[in-house]
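Here are my notes on the model, as numbered points. They start with the charged pairs and then move to the helices, the cores and the surface.

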Amino acid sequence: MTTQLAPPAAPAAPRHEGGAVPAFGGSSLLTQIRVLTGRSLRAMVTDPGIVLFGLIQPVVILFVLTQVFSRMGMPPHFPGGVSYLDYVLPAVLVDNAAQSAMQSGVGLVEDQKNGMVARLRSMPVHPGALLAARSLVGLVRSAVQIVVIMALAMTVLGYSPNGGAAELALSAGLTLFISFSLGWAFIAAGAWLRRAEPLQNLALIVIFPLMFASSAYVPVEDLPAWLGAVASVNPLTYAIDATRALALDVPGLDHAVPAVVICAVIAVTGMAAAVRGFRRPP
C-alpha cells in the first residue's frame, strides 16, 4: 500500500503588523524611480545624439537672432546697456526647456510602444515610478543643454550678463523649474494621446505661438496693442521676464513669484493627469 504525499503548501503572503496583507509588493517607490531613471540615463549616455540633436534648434535660433536682429536698431523700450544677445538668451533657454519637456512625453510614448510599459504592468511597479523617472531624465537633459548653450554663448558670441554668478545660477534654476513643470504637462499628454506625432504637433501649436506672443524677442511695450495684451497674460512672459531679470539685473524680478506659482500649478496638474492617463488600460 502506497502513501499519498500532500503537495507542499504555498508560502504565506507577507503580512504587516495587525495581520493585514499588503496591497503592494516589490521594492520601494524611491528605489523603482532610481532604477528606471538610471536605465533611461544610461540610454541617453550611450546615445549622445539625443542631447546633441536637441541642441540644434536652440543654437540655430540663438545664432540667427543675434546675427540678424543685433544689426538692427533696438526698439524704444529696449533696456539700456543690454545687448540683444544678453536680452534674447534667457528666452532661448526657456524655449529649449519647453522643447526638452516635450521630449519627456515622447520618451513615455516610446516606452509604451516598445513594450516597456506592458512589462512593467505585470510587475509590482508603482504606476508613478516610470512617470517620475521620465520627468527626472528630462530635467537632466535640460540641465545639460542649458550648460552647453550658455558655454557656447559666452565663448563664441561673447555673452556677458550684468548679474553675478549667483543670479545667473538662480536664472538657470528657474529655467529648470519651468522645464520640470512643462515636462509633466507633456508626460500627461503622452499618457493620454499615446502617439508621438499628435504630441509633437500639440507642442508646436502651443509653444510656438506662446513664444512669439511674449516678451521673448521684443519688449511687450513694443508689440502691437492686441499682441501686447496677449503677451501681458502669457505665462511664458512671466517666466522669461523673471529669468532675464535675474541674469541681467534689469526690472522684471516681480514676475518671479507668479512664474513659480504658475509652474507649480502646471506641475501638480500634470502629475495628476499623467497618473490617471497612465492607469488606463492599453
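1. Asp241 and Arg244 form a salt bridge through their side chains, at 3.6 Å from N to O. The two residues sit three residues apart in helix H9, so about one helical turn separates them. Asp241 is buried, with a relative accessible area of 15%. Arg244 also counts as buried, because its relative accessibility is 4% and the limit is under 20%. Note that this is a predicted model.

2. The structure holds three salt bridges. In one of them, Arg39 meets Asp111 at 3.4 Å, N to O. This pair links distant parts of the chain, with Arg39 in helix H1 and Asp111 in helix H3, 72 residues apart. Arg39 is partly exposed at 28% relative accessible area, whereas Asp111 is buried at 2%.

3. Asp111 also meets Arg134, at 3.1 Å from N to O. Arg134 lies in helix H5 and Asp111 in helix H3, so this bridge ties together parts that are 23 residues apart in sequence. Both Asp111 and Arg134 are buried. Returning to Asp111, its relative accessible area is 2%. Through shared partners, salt bridges join Arg39, Asp111 and Arg134 into one network.

4. Helix H9 is mostly covered, with twelve of its 14 residues buried. The length of H9 agrees with expectation, because 14 residues at 1.5 Å a residue should span 20 Å and the end C-alpha atoms are 20 Å apart.

5. Helix H1 (residues 29-46) passes the same kind of check: its 18 residues should span 26 Å, and its end C-alpha atoms are 26 Å apart. Its buried residues include Gln32, Ile33, Leu36 and Met44.

6. On overall layout, the protein chain has ten helices and zero strands. Of its 282 residues, 43% are buried. Among contacts between residues at least 6 apart in sequence, 78% join residues at least 24 apart.

7. The largest nonpolar core has 49 residues, and Leu62, Tyr159, Met211 and Tyr217 have the most contacts inside it. Several helices each supply at least two residues of this core, including H2, helix H5 (127-157) and helix H10 (256-279). The largest share, 14 residues, comes from H3. Another core, of 17 residues, lies apart from it and includes Leu130, Leu131, Ile187 and Ala188.

8. Which residues does Tyr159 contact, leaving aside its neighbours within four places in sequence? They are Leu85, Asp86, Leu89, Met150, Ala153, Met154, Leu168, Ala247 and Leu248.

9. Ser181 lies in helix H6 and counts as buried at 1% relative accessibility. Not counting residues up to four places away in sequence, Ser181 touches Cys263, Ile266 and Ala267.

10. A nonpolar patch of about 560 Å² is made by Phe53, Ile56, Val60, Val64, Val68 and Phe69. Phe69 is found in helix H2 (residues 49-69) and is partly exposed, with a relative accessible area of 36%.

Key: Residues are numbered from 1 along each chain as its sequence is written. This is a predicted model: local features need pLDDT of at least 70, side-chain atom pairs count only at pLDDT 80 or more; totals for chains, interfaces and linings use all residues. Side-chain values use heavy atoms; hydrogens and water are left out. Patches are made of residues with over 30% relative accessible area and no salt bridge: like charges are joined within 9 Å, nonpolar side chains (Val, Leu, Ile, Met, Phe, Trp, Tyr) within 5 Å. Accessible areas come from the Shrake-Rupley method with a 1.4 Å probe; for residues, only the protein chains shown count as cover. A salt bridge is a side-chain nitrogen of Lys or Arg within 4 Å of a carboxyl oxygen of Asp or Glu. Helices (H or I, at least four residues) and strands (E, at least two) are DSSP runs, numbered from the N terminus. Buried means under 20% relative accessible area, exposed over 50%, partly exposed in between (1.4 Å probe, protein chains only). A nonpolar core is a set of buried Ala, Val, Leu, Ile, Met, Phe, Trp, Tyr and Cys residues joined through side-chain atoms within 4.5 Å. Contact means heavy atoms within 4.5 Å. The expected span of a helix is 1.5 Å times one less than its number of residues.
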